[in-house]
Amino acid sequence: MTLGPYSGMQVDTGSTNLTVNCTAGSANYTVGLSGGNSGVTTARTMKSGTVALNYSLSRDAARTQNWGNVAGTDTYAGNGATASVSVPIYPRIAAGQLVAPGTYTDTVSTASKSFTVSATILPSCSISTSAMSFGIYAGTVLDSTSTITLTCSNTTSYTVSLNQGVATGATTSARQMTRSGATTLNYTLSSDAARTANWGNTAGGDTVAGTGSGNSQTLTIYGRVPAGQRVMPGSYADTIVATITY
């Protein structure tokens with residue numbers, strides 16, 4: 001039974017069948033499933049090392065009837081008069097589990113057979129940004145901020161880089177907003193509130209690193225327009241690309 005990949009959303013795929021073969025005219029029977037790693041049929045877990053991923057096994061497609069090993073309560077009851085019966089086992093991994101990437105497995109047994117349950121969690125990240133507006137520049141220092149919101153799977157390491165923008169000749173340490181024509185307005189982007197740590201795209205140099213938790217995380221970009229620039233009136237803008245690597 002393979003349920004993966006799992007990315008924090010509910011997974012119901014991966015059902016498997018249990019086949020019971022009986023000699024003609026056999027008595028009625030019940031089939032129970034063990035608790036596997038957890039030892040508890042109502043709180044099953046797959047494991048990757050010591051990390052657990054919760055899941056369930058049910059007797060019905062709606063996943064409302066637990067399949068356990070208490071006779072007359074949560075086992076499957078069959079009629080031995082039927083020589084061969086194939087019965088679906090319906091799995092579910094509940095949503096919202098923030099666990100580390102890896103391959104998770106469990107082994108579930110009946111009285112005489114066992115099967116492996118597995119799921120794979122892949123490293124993943126998503127990213128969004130907000131705009132930065134400096135307002136009106138009158139020759140004195142202007143500061144502003146914007147944010148990067150990211151969500152990475154638990155324990156996934158990442159780095160976030162910012163490119164140089166679209167101005168001709170600009171670099172990550174000498175960014176420029178442009179006005180129609182060739183007029184430019186210099187500005188900087190930093191990873192610290194003091195505006196001393198440039199935020200660029202040199203891996204291991206001026207990017208920002210972190211570790212995902214499975215929840216959203218917010219990074220602040222600190223912008224500054226230096227004083228003393230005598231430029232033509234007008235609207236100046238630039239476009240920065242933020243890239244997350246994991």
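How many disulfides does the count come to by the distance rule? The count comes to one, a disulfide being a pair of cysteine sulfur atoms within 2.5 Å. The model is predicted, so local features need pLDDT of at least 70 and side-chain atom pairs count only at pLDDT 80 or more, while totals for chains, interfaces and linings use all residues. Residues are numbered from 1 along each chain as its sequence is written, and side-chain values use heavy atoms, with hydrogens and water left out.

**View A. The disulfide of Cys125 and Cys152.** The two sulfur atoms lie 2.0 Å apart. The link of Cys125 and Cys152 is right-handed, with 120 degrees about the S-S bond. It joins distant parts of the chain, 27 residues apart: Cys125 belongs to strand β9 (residues 125–129) and Cys152 to strand β10 (residues 142–152). Strands (E, at least two residues) and helices (H or I, at least four) are DSSP runs, numbered from the N terminus. Cys125 counts as buried because its relative accessibility is 16%, and Cys152 is buried at 1%. Buried means under 20% relative accessible area, exposed over 50%, and partly exposed in between (1.4 Å probe, protein chains only).

**View B. The hairpin of β7 and β8.** Strand β7 (residues 102–109) pairs with strand β8 (residues 114–121) in the antiparallel sense over eight bridges; two strands pair if DSSP finds at least two bridges between them. Four residues lie between β7 and β8. Val108 has Phe115 of β8 as its bridge partner.

**View C. The hairpin of β12 and β13.** Strands β12 (residues 175–178) and β13 (residues 184–190) run antiparallel and are joined by four bridges. Arg175 stands opposite Tyr187 in β13. Five residues lie between the strands, and Gly181 in this hairpin takes a positive phi near 100 degrees.

**View D. Two aromatic pairs.** The ring centres of Trp67 and Tyr76 are 6.0 Å apart, with 35 degrees between the planes, and this pair is tilted. Trp67 counts as buried at 0% relative accessibility, whereas Tyr76 is partly exposed at 21%. In the pair of Phe134 and Tyr187 the centres are 6.2 Å apart and the planes stand at 65 degrees, so this pair is edge-to-face. Phe134 lies in the loop between β9 and β10 and Tyr187 in strand β13, 53 residues apart. Phe134 and Tyr187 are both buried. Rings of Phe, Tyr and Trp (its six-membered ring) pair if their centres lie within 6.5 Å; planes under 30 degrees apart count as stacked, over 60 as edge-to-face and the rest as tilted.
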